[in-house]
Amino acid sequence: MRLEAYVEFAKRAFSREGTYRFQVFSRVGSVLLRVFLLATLWTNLYRANGEQAGIPLHSMLTYVVLALLLDIVYGVNGAYVVREKIREGTIAIDFMRPISVPLYVFSDTLGQTGFALLQCVPALVLSAFLVHLDGPPSVLAFVAFVAAVAIGFVVNYFIDMIMATMTFWTMEIFGIQIMVQFIASLLSGSLVPLYFFPQGAIQQILLNSPFATLYNVPLSIWIGKIEPAQYAAALGLQLFWATVFGSFAVWLWSVGERKVVIQGG
Amino acid sequence: MVSAARYWDAYKEVWRLNVLTLMEYKANFFIWLLFTLVYHGVALAAIWVILTKFPSLNGWQRTDVFFLYALWMVGHTLNNSLFFMVGDVPDAVREGRFDRMLVRPLDSLFQIMAQPGQNFPDDFFVSIIVFGIAAALVHLQWTPLVALLVVMTILSAAVIDGAVQLVVATLSFWVIRLDALRWVVMSLENDFTRFPLSMYNRAVRIILGYVFPFAFMNYFPATVLLHKTADAAQFNPALGWMAPLVAAIWAAGSLTFWRIGLNRYQGTGS
């Protein structure tokens, strides 16, 4: 199968998203509302208790805004379409087409994420009016941040894809998927930086967990909690989890596909 | 006029259907129960982690903020058990299902609320347990007066919550796309009420106190129950006892607004 087809899928997903203008408006608005809420919360907490875990208030506010922007990027969930295809049975027709369904979904997700990234621009600019934002500590840090988000995006895609693939076995996956998202929001450092969790074993486990690759790694690079000497290790951890989840996703998909092709669903 | 007994019979029938549905889809029920536990569990865990590291939020400790959340949770889940389907009005109007309800003899708002497949009150039972834990954590002294305030607050909170949802739902008679407003109201109710009102600026205090009075669901009563004198200095402590009054005003106001919206909808036939 030629690559151009998948590029075209991504482009179409991008322009399809562009037709939902109103959603863009409300998504940016919702980010601003949360920036306001969380900025108020952390400002009050720092005023009464001082700095904790070596994260000053201005870094914390930057962290909050970037975490909300990452929510937009990771929130795309293009694998949703797989669940619908399996539920409605149209997946069988897709298997006859000369395309790979997981690659199609990846291209589609990429296109949607491209559009999500565009929404981050107004959200970021308007957030800068509400709170002071720190830039990344260096050009290298910015490059590492972009790389970390890219790997985080891939891990996130694999997690979504694994969830969607499970629809081959159970239709009740939607509730479980939202549950995983909520748990991930806590364990990834999206709601609370992992450095604020109890020190020792708990924090160490969280810092190395697959969820940490989504938010903690890129955000820590930006605010300087992960220093240049640790970039390789941090990105290496992300790549490790990307490989683990990727292999599992591919294996699970092949089992599911065989199940449909042989047993007819 | 249809007699109250007919309404009661219809309502009982709806709940019988709910139970039957639940028996048929047990796995689904348990997944959503688990979801409820995870949703509130994550919210409470985040509060717990943050306030362990930062022990004071405007003089509120982690147990106090836990209590604030639990108090909101009981009222909110009671609202979900009773009035959850009010949020279905915009969809029902858009899909034309609402017109069908208008030609039936029972009140249309009652029909909206009494649709089978609504929330089972499992989350309400969960929240009572959570509230019990929270009350123990803050060493709440259960005097008759305290019990009265707690019960009054929970019942009023459910009504305030439901009345606000009804106002938002009624707007759908005029405006088709309400997603943004619904989202803002939900965020104000679910997220902003997690923390003491005293931490916010004047604008948010006015919004949560007087525009969408969610502060009466938990913050104002909690300042009385937890003896928060610093907060009482900023807000009249009598506000802690005002939830029933606010609930009555909002119930009357939202029902009136609903009638106006309904008349307009039926009048123009649009």
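The structure is a predicted model, in which local features need pLDDT of at least 70, side-chain atom pairs count only at pLDDT 80 or more, and totals for chains, interfaces and linings use all residues. Residues are numbered from 1 along each chain as its sequence is written, chains are lettered from A in the order in which they are written, and side-chain values use heavy atoms, without hydrogens and water.

**Secondary structure**

- Chain A contains eleven helices and zero strands; helices are DSSP runs of H or I with at least four residues, and strands are runs of E with at least two, numbered from the N terminus.
- Chain B contains 13 helices and zero strands.

**Dimensions**

- The radius of gyration of chain B, taken over C-alpha atoms, is 20 Å.
- The C-alpha trace of chain A spans about 65 × 45 × 35 Å along its principal axes, and that of chain B spans about 55 × 40 × 35 Å.

**Burial and surface**

- Of the 265 residues in chain A, 51% are buried, meaning under 20% relative accessible area with a 1.4 Å probe and protein chains only.
- In chain B, 53% of the 270 residues count as buried.
- The accessible surface of chain A is about 12,300 Å², with 69% belonging to carbon and sulfur atoms; accessible areas come from the Shrake-Rupley method with a 1.4 Å probe.
- Chain B exposes about 12,400 Å², and carbon and sulfur atoms supply 68% of this area.

**Nonpolar cores**

- The largest nonpolar core has 155 residues, and those touching the most other members are A:Trp42, A:Phe196, A:Ile221, B:Phe67, B:Tyr200 and B:Leu208. Such a core is a set of buried Ala, Val, Leu, Ile, Met, Phe, Trp, Tyr and Cys residues joined through side-chain atoms within 4.5 Å.
- A second, separate core of 15 residues includes B:Val86, B:Phe98, B:Leu109 and B:Leu166.

**Individual residues**

- Residues up to four places away in sequence aside, B:Tyr200 touches A:Leu37, A:Thr40, B:Phe192, B:Phe195, B:Arg205 and B:Leu208; contact means heavy atoms within 4.5 Å.
- B:Thr170 lies in helix 8 of chain B, which covers residues 144–170.
- B:Thr170 is buried, with a relative accessible area of 0%.
- Beyond its neighbours within four places in sequence, B:Thr170 is in contact with B:Phe257, B:Trp258 and B:Gly261.

Terms used. The radius of gyration is taken over C-alpha atoms; the globule rule is 2.2 Å times the number of residues to the power 0.38. Buried means under 20% relative accessible area, exposed over 50%, partly exposed in between (1.4 Å probe, protein chains only).
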